[in-house]
Amino acid sequence: MVEIAFRQPGIDIFSTWISWGINPTSIGMIDAQAFVAYTRNDGNLIAYTSPISSYRTSLKEGALSFPVYDVSAMYENNSITIFATLQLPRETIMVDIVWQKGQMYGNNVPKIHSLLRHELRSYGTLNFLSGNVKQGRGGKLVVLKSFHGIMCSISWGVMLPVGVLIARYSKVFKTTDPIWFKLHVTCQSSGYIIGLIGWATGLNVSAQLSGLSESAWPPLSFVIIFKEHNLESSPIVDLFKPKKLVGSKTSLTISSLEEIGMQSDLRLQYLENQIALATVQLKKRWLLVSMLSPQRT
């Protein structure tokens, strides 16, 4: 038999839940056998057991995978302490544990806890002989979040901007032709693919943590990726992207720019014609005034 007491300080008794549990099968939150405590709307502090099988758990009450006795909780000095007696297999020396806290909904339902990095590392290993707890360095979700951030940073912060800079500044040098064009295509294509991988990883993390319907980030990410896909594949961008002519010569002439240039030439020619016409009219009026004015003798 093992008697445990888990204390969580800095608690607002009317808006916070706390939890501590043992994971007998794996590391982290999934499959944890948890003890939960919080204050109900009627002011009663309750403590109960809750097996966790999903990241979307609402910490509903349920039986654990091992015998549990005398589960209770106490609030004192802005701290909640959970007490329990549990029966583990004989000769158990070390167990994987988890602990967490979060806010409450108004209907006595625990909200999802914070997703900050240190909150996702709220697990470790408890040694019953020494009483020491070794905190975990990071689980699957921490790794996925880091991977998502790294991939998106490489895509949006490095590959795509570098591809644009290469096309903008390297093509003016004849010695870089046609290498600059190949580098430009490689950077843009790689950046787009890496960005898609990072985006898909982010959706996976969001779905596991809070569900797509509970976050504003996934819809925004869909909009961003859709816009990026349109920019990468639309015919409009195809008109403005760098092109190569026969003989490996760089061409800065673009069909749309040619049309704009032709329109500008036509407008300039029209203005010149209007100025010439106005000049002729002024000359005629000046001659007419000269003929009608009295001559000095």
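In which strand is the place of Q100? The place of Q100 is in strand 7, which covers residues 94–103, where helices (H or I, at least four residues) and strands (E, at least two) are DSSP runs numbered from the N terminus. This is a predicted model, in which local features need pLDDT of at least 70 and side-chain atom pairs count only at pLDDT 80 or more, while totals for chains, interfaces and linings use all residues. Residues are numbered from 1 along each chain as its sequence is written, and side-chain values use heavy atoms, with hydrogens and water left out.

Q100 has a relative accessible area of 11% and is therefore buried; buried means under 20% relative accessible area, exposed over 50%, and partly exposed in between, with a 1.4 Å probe and protein chains only. Leaving aside neighbours within four places in sequence, Q100 is in contact with W17, I18, S19, H113, E119 and S122, contact meaning heavy atoms within 4.5 Å.

The chain as a whole can be described next. The protein chain has six helices and eleven strands, and buried residues make up 32% of its 297 residues. Among the contacts with a separation of 6 or more, 56% are accounted for by residues 24 or more positions apart. The chain exposes about 19,400 Å², of which carbon and sulfur atoms supply 61%; accessible areas come from the Shrake-Rupley method with a 1.4 Å probe, and for residues only the protein chains shown count as cover.

S79 is found in strand 6, residues 79–86, and is buried because its relative accessible area is 2%. S79 and I13 are 66 residues apart in sequence, yet 8.1 Å apart in space from C-alpha to C-alpha, and the contacts of S79, leaving aside neighbours within four places in sequence, are R7, Q8, P9, G10 and M74. V133, in turn, is found in strand 9, residues 133–135, and counts as partly exposed because its relative accessibility is 46%. V133 and D96 are 37 residues apart in sequence and 9.4 Å apart in space, C-alpha to C-alpha, while V133 touches I97, W99, T125 and L126, not counting residues up to four places away in sequence.

The aromatic side chains come next. A pair of aromatic rings is described by the distance of the centres and the angle of the planes. The structure holds three aromatic pairs, where rings of Phe, Tyr and Trp (its six-membered ring) pair if their centres lie within 6.5 Å, and planes under 30 degrees apart count as stacked, over 60 as edge-to-face and the rest as tilted. One of them is the edge-to-face pair of Y38 and Y48, at 6.1 Å centre to centre and with 90° between the planes. Y38 lies in strand 3 (residues 33–39) and Y48 in strand 4 (residues 45–51), so this pair ties together parts that are ten residues apart in sequence. Y38 counts as buried at 6% relative accessibility, and Y48 is buried with a relative accessible area of 8%. W180 and F181 also form an edge-to-face pair, with 5.5 Å centre to centre and 90° between the planes; W180 counts as buried at 1% relative accessibility, whereas F181 counts as partly exposed at 24%.

Charged side chains provide another view. Side chains of opposite charge can pair when their charged atoms come close. A search of the whole structure finds one salt bridge, defined as a side-chain nitrogen of Lys or Arg within 4 Å of a carboxyl oxygen of Asp or Glu. D42 forms a salt bridge with R40, the closest N and O atoms being 3.8 Å apart. D42 counts as exposed because its relative accessibility is 52%, whereas R40, with a relative accessible area of 32%, is partly exposed.

Backbone angles complete the tour. Most residues other than glycine have a negative phi, and most peptide bonds are trans. Phi of L59 is near 55°, a positive value in a residue other than glycine; L59 lies in the loop between strand 4 and strand 5 (68–76) and counts as buried at 8% relative accessibility. Phi of N108 is likewise positive, near 60°, and N108 has its place in the loop between strand 7 and helix 1 (117–120), where N108 counts as buried at 17% relative accessibility.
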